[in-house]
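User: I'm new to this one. Can you walk me through it?

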Amino acid sequence: MVSIDLNYNNAYKWTKKDKIYSIGYIFYNNKFYQGNQINELLEGININEISDFIKKIDGCFSIVINNESEIIIISDLLRNFPVFYSIQDNKIMIKDNIMEYDKKILDNDSITELSYTNYVTGYNTLFKNIF
């Protein structure tokens, strides 16, 4: 079971078309896309071509694709629009606000890392089992 809860909007709004969610904007093949334009562009791309697509886009964005067999989360290099995921009670949960998770246990290793570097590296967050 998958739960996707993407509601945290500031300057940009999450758009959804079928099983594709996006926020922000991208440049692809020297063209500007935002909102549902991103979703429509992704509809025409075979899931096996996603890796090549990612190498060709730039911008400020996050994208979540929930197809039958997998969930793909794509973000710009700076994670300007953070998307978090966790598996709790045999349920995959994807959210854009980490504080909306019910089970939050602080990760002491990540807190130590944050105190030394002012950020947490890799896919970890300050909470265990939320990435």
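**A first look**

Analyst: Strand 3 and strand 4 make a hairpin with two residues between them, and Asn29 in the turn has a positive phi of about 50°. Helices (H or I, at least four residues) and strands (E, at least two) are DSSP runs, numbered from the N terminus. This is a predicted model: local features need pLDDT of at least 70, side-chain atom pairs count only at pLDDT 80 or more, and totals for chains, interfaces and linings use all residues. Residues are numbered from 1 along each chain as its sequence is written, and side-chain values use heavy atoms, with hydrogens and water left out.

User: How do strand 3 and strand 4 pair, and over how many bridges?

Analyst: Strand 3 (residues 20–28) and strand 4 (residues 31–34) pair in the antiparallel sense over four bridges. Two strands pair if DSSP finds at least two bridges between them. Tyr25 has Gln34 in strand 4 as its bridge partner.

User: Where does Asn90 lie?

Analyst: Asn90 lies in the loop between strand 7 (84–88) and strand 8 (91–95). Asn90 is not a glycine, although its phi is positive, about 60°.

User: Is Asn90 buried or exposed?

Analyst: Asn90 counts as exposed because its relative accessibility is 75%. The cut-offs: buried is under 20% relative accessible area, exposed is over 50%, partly exposed is in between (1.4 Å probe, protein chains only).

User: Switching to salt bridges. How many are there?

Analyst: The count comes to four salt bridges. The rule asks for a side-chain nitrogen of Lys or Arg within 4 Å of a carboxyl oxygen of Asp or Glu.

User: Which residue does Lys95 form a salt bridge with?

Analyst: Asp5, with the closest N and O atoms 3.7 Å apart. Lys95 lies in strand 8 and Asp5 in strand 1, so the pair ties together parts that are 90 residues apart in sequence. Lys95 is buried at 10% relative accessible area, while Asp5 is partly exposed at 21%.

User: What about Lys17 and Glu43?

Analyst: Their side chains meet in a salt bridge, 3.4 Å from N to O. The pair links distant parts of the chain: Glu43 sits in helix 1 and Lys17 in strand 2, 26 residues apart. Salt bridges that share partners join Lys17, Glu40 and Glu43 into one network. For Glu40 and Lys17, the closest N and O atoms are 3.6 Å apart.
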